[in-house]
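Take a moment with the sequence and the model.

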Number of protein chains: 2
Amino acid sequence: MEEYDVVVLGGSAAGLTAAITVRRFNPDKKILIIRREDNVLIPCGIPYIFGTVGSPEKNLVPDAVLGKNNIELLIGEAIKINRENKTVETDKGDTVKYDKLIIATGSDPMVPPIKGAEKENIYTVKKDDKYLASLLLEVDRSRDMIIIGGGFIGMEFADECKKNRDLNVSVIEMLPHCLMLVFDEDFCKQGEELIKGRGVNLITNERVEEITGDSRVDGVRLSSGKTVKADLLLIGIGVKPNIGIAEDSGIVINEKGSIKVDRYMKTNDENIFACGDCCEKISFFNKKPVNLMLASIATNEARIAGANLYETNRSNEGAIGTYSTVIGDTALARSGMSISGAKDSGYDIIVGMAEGPNCHPGSMPGSSNLKVSLIFEKGTGIIIGGQLIGAKSGGELINLISGCIYKKMTADDIATFQMGTHPALTASPVAYQMSNAAEMAVKELRL
Amino acid sequence: MEEYDVVVLGGSAAGLTAAITVRRFNPDKKILIIRREDNVLIPCGIPYIFGTVGSPEKNLVPDAVLGKNNIELLIGEAIKINRENKTVETDKGDTVKYDKLIIATGSDPMVPPIKGAEKENIYTVKKDDKYLASLLLEVDRSRDMIIIGGGFIGMEFADECKKNRDLNVSVIEMLPHCLMLVFDEDFCKQGEELIKGRGVNLITNERVEEITGDSRVDGVRLSSGKTVKADLLLIGIGVKPNIGIAEDSGIVINEKGSIKVDRYMKTNDENIFACGDCCEKISFFNKKPVNLMLASIATNEARIAGANLYETNRSNEGAIGTYSTVIGDTALARSGMSISGAKDSGYDIIVGMAEGPNCHPGSMPGSSNLKVSLIFEKGTGIIIGGQLIGAKSGGELINLISGCIYKKMTADDIATFQMGTHPALTASPVAYQMSNAAEMAVKELRL
């Protein structure tokens with residue numbers, strides 16, 4: 001039986017980053033990743049397979065990174081952890097011994113308990129290249145596609161599946177607006193207009209009561225009684241943590257169904273850590289468990305877990321909740337709390353907003369509009385959230401907002417610390433959205 | 001004689017932002033800007049007049065912002081401050097009374113004491129639309145242009161003047177590399193390759209000894225004895241603060257020739273504040289005076305000065321030194337200290353570097369390379385600088401680095417706080433340059 005210093009279960013964003021992190025700080029340890037997939041998909045890239053990128057093979061994490069970091073690989077699904085012997089067994093009959101174990105088993109798509117969900121030509125967003133290649137074939141030959149779920153994944157799939165195809169795409173969302181778990185209403189509405197502008201049919205405030213058809217899907221019946229036809233259906237309503245193997249071995253699971261970890265990413269077994277979608281997330285703000293699964297949270301947790309195996313070096317301050325998407329050529333991003341989320345949590349808030357071209361003068365070629373909205377706590381003036389819509393440079397700007405939230409910067413701090421500006425890269429220093437959104441909030445705080 | 005609550009001398013980035021800031025927090029004050037220019041140019045946009053933007057008129061700050069903020073305007077050059085009577089006189093014979101005065105008189109181009117500098121067809125980078133319109137005419141009809149000075153301005157002018165023109169452009173820099181006051185050597189070299197790739201002739205390590213020609217420039221003689229021909233010469237070696245009117249009225253000037261201010265941007269006269277290029281800059285790091293003039297520093301100081309006139313609300317933590325430029329389609333940016341600057345100041349440092357596509361997978365259309373280098377203090381692990389080269393999204397990313405420096409984040413902080421990633425907007429979460437550059441530094445700090 002092969003013995004390893006460190007065994008990592010799972011080879012996607014969390015598992016891979018954890019293994020690389022262990023290697024980074026431990027040049028001499030023997031490290032193994034056990035994963036069920038022959039090829040690992042870039043998780044956030046999955047919707048782009050269906051338009052911009054073109055195929056699952058073009059959206060793979062290259063395994064070369066394993067060799068480069070001297071990380072061994074065993075293909076197989078881990079089915080049993082024996083904590084007493086410190087071994088892991090796979091479905092292929094392999095057994096390996098570990099000194100330290102990192103569980104990064106990720107998540108699988110949720111399927112809602114809808115009547116007819118067992119019919120043919122109904123897909124979920126499985127992180128499996130062969131499965132997605134088959135979905136791609138169906139997208140190419142279908143006429144009417146329905147996507148259940150108007151979150152980031154649903155919107156990205158809708159946008160991509162419309163590209164270069166004569167395909168009717170309808171998104172069905174049960175909340176009053178798409179993207180409503182991420183953005184406040186005005187940003188949701190702008191996002192909806194963008195996706196409608198791409199030719200996508202949006203149906204909000206409707207629940208799918210039944211998926212119809214004989215053996216194969218031919219449409220859905222909605223809560224209003226309305227029907228929508230479809231020859232292809234994709235369910236993108238979220239994911240659930242893969243915790244079976246952990247639970248079976250007596251690892252503690254929290255009330256949300258995720259592997260319980262402490263702030264050092266350690267489970268109740270001192271030799272077993274967890275990170276990524278399978279493990280508990282806590283809020284940056286109140287340190288309570290939250291439902292947030294993002295690859296960028298997974299990799300942060302992996303960098304924490306991977307650094308703590310032999311010595312406690314890093315602690316998890318919690319998920320800020322920083323994410324971005326693109327509809328057409330427009331970026332939408334959020335960090336921290338939304339206005340509605342902050343109010344629901346009892347915060348008394350001030351919002352500052354600034355909007356303008358992302359180049360200066362605005363007549364610069366390639367200039368786009370960029371709107372930034374920042375949310376501050378009244379009294380302290382500390383930033384607790386931000387949202388933006390517009391230029392693609394917003395994909396990096398949202399991380400500036402995330403950094404400001406992480407370091408609890410005040411509106412005055414943001415209005416007065418020096419940010420660089422350049423005609424071809426940003427708004428002018430007089431009109432820079434970050435500074436001015438903060439100023440708008442300070443004004444309200446002062447007057 | 002007209003009486004105002006607040007008079008601002010200067011209407012460019014600093015003066016305008018100061019006046020808007022005063023208005024923001026003082027709805028009822030009577031505010032006047034006195035400026036010498038009929039039209040105010042966007043200062044950082046000036047090089048772009050000569051290529052991308054096309055004319056001075058397309059690079060103006062719209063005066064509509066004055067009306068919108070109920071700020072009055074008086075055209076004329078302020079020539080005298082009478083501090084006893086609290087009045088300002090202009091060259092047009094106007095005299096106005098102030099309660100609070102903000103000096104934002106900016107800077108003018110430096111002309112080096114070179115033999116022949118008085119000849120015809122020699123230009124500087126004057127912030128004057130008519131003067132620049134005349135330079136634009138000369139650029140259009142010249143064959144051989146020499147730019148003295150290989151800093152940001154020189155490189156930007158060279159790149160722009162080459163666009164859509166059959167013009168030979170040579171940049172002459174006396175230091176061993178262009179951009180050397182901003183970047184470390186490897187970044188300078190990459191910048192030089194980029195500008196050479198645009199067809200610009202670079203001459204480094206050479207001083208201009210004489211500008212030759214009869215009445216009109218026909219070339220230069222260099223320190224090596226070599227000559228370079230030219231029918232147009234532009235001097236872009238920097239600017240000097242406009243302090244004449246302040247000095248004449250007894251306002252204290254510092255050893256670098258800038259108006260002395262305290263951390264609240266107040267001069268030695270309690271009713272007179274200053275901001276922008278005309279006033280003293282201090283370093284964020286050691287709070288000592290530094291030579292750094294940027295529009296983004298000017299506007300920050302303006303937001304501090306404008307908020308402090310009637311009540312001390314904000315203090316200046318000093319200039320971090322965050323700036324960016326573009327050569328061709330490549331962004332170059334820096335924040336905080338360079339490696340050489342940090343070493344010269346006695347810091348013991350660790351540098352972390354990460355490079356990769358700014359989209360994921362790298363095959364995404366529009367993907368470019370982005371290299372990020374972060375500089376940390378050994379021992380504390382606190383970030384003190386960063387440099388980047390590559391994708392234009394770096395223009396916002398440099399401000400994240402600036403924020404990290406401002407809040408004294410450690411390499412561990414940067415490696416583990418959550419930053420959002422998206423296929424079309426950033427590197428993958430596994431390879432995100434900020435996190436990985438920090439990790440590379442942590443590795444060196446730990447091992």
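In which sense do β20(A) and strand β21 of chain A pair, and over how many bridges? The two strands run antiparallel, with β21 covering residues 330-336, and six bridges join them. Two strands count as paired if DSSP finds at least two bridges between them. Helices (H or I, at least four residues) and strands (E, at least two) are DSSP runs, numbered from the N terminus. Within this pair, A:Thr322 stands opposite A:Ser335 in β21(A).

A word on the basis. This is a predicted model, in which local features need pLDDT of at least 70 and side-chain atom pairs count only at pLDDT 80 or more, while totals for chains, interfaces and linings use all residues. Residues are numbered from 1 along each chain as its sequence is written, and chains are lettered from A and ligands numbered from 1 in the order in which they are written.

Now widen the view to the sheet. Five strands of chain A form an open sheet in the order β20-β21-β24-β23-β22, with antiparallel pairing. Edge positions fall to β20 (322-327) and β22 (349-357) of chain A; each has a single partner strand, so one side of each lacks a neighbour in the sheet. On average, neighbouring strands of this sheet are turned by 10 degrees against each other, direction ignored. Axes here are lines fitted to C-alpha atoms, for helices over the stretch in contact, and angles run from 0 to 180 degrees between N-to-C directions.

Next, the backbone. Most residues other than glycine have a negative phi, and most peptide bonds are trans. Where does a cis bond occur in chain A? A cis peptide bond links A:His360 to A:Pro361, with omega about -5 degrees. A:Pro361 sits in the loop between β22 and β23 (369-377) of chain A. In chain B, B:His360 and B:Pro361 are also joined by a cis peptide bond, with omega about -5 degrees. The loop between β22 (349-357) and β23 (369-377) of chain B holds B:Pro361.

Two lysines have a positive phi. For A:Lys408 phi is about 50 degrees, although this residue is not a glycine. A:Lys408 lies in the loop between α9 (394-406) and α10 (411-416) of chain A. A residue is buried if 20 or more other C-beta atoms lie within 10 Å of its own, exposed if 12 or fewer, and partly exposed in between, with C-beta atoms placed from the backbone. B:Lys86, not a glycine either, has a positive phi of about 60 degrees. Its place is the loop between β4 (78-82) and β5 (87-90) of chain B. B:Lys86 has 19 C-beta neighbours inside 10 Å, so it counts as partly exposed.

Step back to chain A as a whole. It contains 11 helices and 24 strands. Of its 447 residues, 54% are buried. The C-alpha trace spans about 70 × 60 × 40 Å along its principal axes. Chain A divides into domain 1 (2-107 + 240-308), domain 2 (122-237) and domain 3 (324-446), with bounds from an automatic or database domain assignment. Between domain 1 and domain 3 of chain A, the C-alpha centres lie 34 Å apart.

Finally, the two copies. A rotation of 180 degrees with 0.0 Å of shift along its axis superposes chain A on chain B, at RMSD 0.0 Å. That is the relation of a two-fold axis. Copies are superposed by least squares on the C-alpha atoms of residues with pLDDT of at least 70 in both.
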